[in-house]
Amino acid sequence: MKSKTAVVLGCKGQDGSLMCRSLLEKNYKVIGLIRGELKDESNLHKLDIKNKIKIETGDIKDFQIISNLIEKYQPDCVYNLAAQSSVGQSFQNPKETIDSIVNGTMNILNVCKIINYTGRIFFAGSSEMFGNIESKANIDHPQQPNSPYAIAKQTSFNLVKMYREIYALKCTTGILFNHESNLRPETFVTQKIIKTAQEIKKYKKKKLIIGNIDIIRDWGWAPEYINAIQLISNSNLIKDHIVCTGKATSLKTFIQKVFAKLDLDWEEFTVVNKNLFRASDIKRSCGDPTPLFEELGWKSKVNFDSVIERMLNQ
Ligand SMILES: C[C@H]1O[C@H](OP(=O)(O)OP(=O)(O)OC[C@H]2O[C@@H](n3cnc4c(=O)[nH]c(N)nc43)[C@H](O)[C@@H]2O)[C@@H](O)[C@@H](O)C1=O
């Protein structure tokens, strides 16, 4: 049987590299797109898959790059996991964030429409577009984006929906809640806490200097979310889905548990610095995992404590 082909746009980030590895394990031919150069410490090296995928270079906003990729490789599925992914950085660079996410999405959809691409197209959405969530958000939850990143993700979500409904493209958005692993840089808070606590344990650092620890998030394990994304993009049900655990925990609890696992007193080593607070932040975010379970049979199996253990032990 002919093996399937997938194009992974943004293949060196956390989700992109995990997606490539998972597709390789399923015998896909995998083509990954990167924008800049690949450094030795990249996730593709860490996962030992650099020589197993075909790497192409270019920007998702470039018409020729995307059309050439699709026409050359005729993929069964295109995964768009590219573009700026830090909410924090989006406050520093709003134009670059909105440009990369919105115009990237727009270009991919436009190319697929023009060349009559009939395969599946997956877009990584974000729970950030909902803003604060009192209980558990489903797909119809009101949207109140409060950062440049969230506005860009909301726009991308609406564009995908429009191209699906008006132009019948087989495109869907998976609205991903926070999902973590060691493949992220320390600009993301969980990796910052894990690395700093480990260094404090080895007497290499004295303090964890952190922003708002009262925020509450629905934290999941990134490799599991990759499975959910594949279920969404392989399903005959062509619609948007929420990917989450349904459990909400504070950042303070994350810190307490990490330090406790290393036999450290978190209060002794943690300093809250108001300069690290965001201009506007989401207090509480949590999703409803029931629809994805009922419709596609996916639910998260790695709980909050296991996320911490896995991050500490990798
Ligand atoms: C769903 C969503 O999930 C991720 O976005 P994020 O939630 O902004 O991730 P983060 O790890 O940067 O912040 C989490 C929370 O932690 C607070 N926080 C406190 N102190 C620090 C701190 O020192 N650094 C950071 N980075 N955050 C801090 C910060 O204010 C925020 O409330 C991305 O995958 C994104 O792509 C995405 O879509």
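A: Let us begin with the domains. The protein is divided into domain 1 (5-179 + 219-243) and domain 2 (184-217 + 247-286 + 302-313), with bounds that come from an automatic or database domain assignment. This is a predicted model, in which local features need pLDDT of at least 70, side-chain atom pairs count only at pLDDT 80 or more, and totals for chains, interfaces and linings use all residues. Residues are numbered from 1 along each chain as its sequence is written.

Q: How many residues of domain 1 are in contact with domain 2?

A: Two residues are in contact if their C-beta atoms, placed from the backbone, lie within 7 Å. Here 18 residues of domain 1 are in contact with 16 residues of domain 2. On the domain 1 side, 6 are nonpolar, 9 polar and 3 charged. In this classification Ala, Val, Leu, Ile, Met, Phe, Trp, Tyr, Cys and Pro count as nonpolar, Asp, Glu, Lys and Arg as charged, and the others, Gly among them, as polar. The C-alpha centres of the two domains lie 27 Å apart.

Q: In what order do the strands of the open sheet lie?

A: Helices (H or I, at least four residues) and strands (E, at least two) are DSSP runs, numbered from the N terminus. Two strands pair if DSSP finds at least two bridges between them. In this case 7 strands form an open sheet in the order E3-E2-E1-E4-E5-E6-E11, with parallel pairing. Strand E3 (54-57) and strand E11 (241-243) are the edge strands, each pairing on one side only. Strand E2 (residues 29-34) pairs with E3 over 4 bridges, and the bridge partner of Ile34 in E3 is Thr57.

Q: How are the axes of H5 and H6 placed?

A: Two packed helices are described by the angle between their axes and the distance between the axes. Axes are lines fitted to C-alpha atoms, for helices over the stretch in contact, and angles run from 0 to 180 degrees between N-to-C directions. The axes of H5 and H6 come within 8 Å and cross at roughly 10°. H5 and H6 are therefore roughly parallel to each other, a term for angles under 35 degrees. Their contact has 14 nonpolar, 4 polar and 2 charged residues.

Q: Which residues are closest to the ligand?

A: A residue is near a molecule if its C-beta atom, placed from the backbone, lies within 6 Å of it. The ligand is surrounded by 21 residues, and the closest are Val87, Ser126, Phe188, Val189 and Gly211. Helix H4 (87-92) and helix H7 (189-201) each supply at least two residues of this shell. Domain 1 and domain 2 each contribute at least three.

Conventions. Angles under 35 degrees count as roughly parallel, over 145 as roughly antiparallel, 65 to 115 as roughly perpendicular and the rest as oblique.
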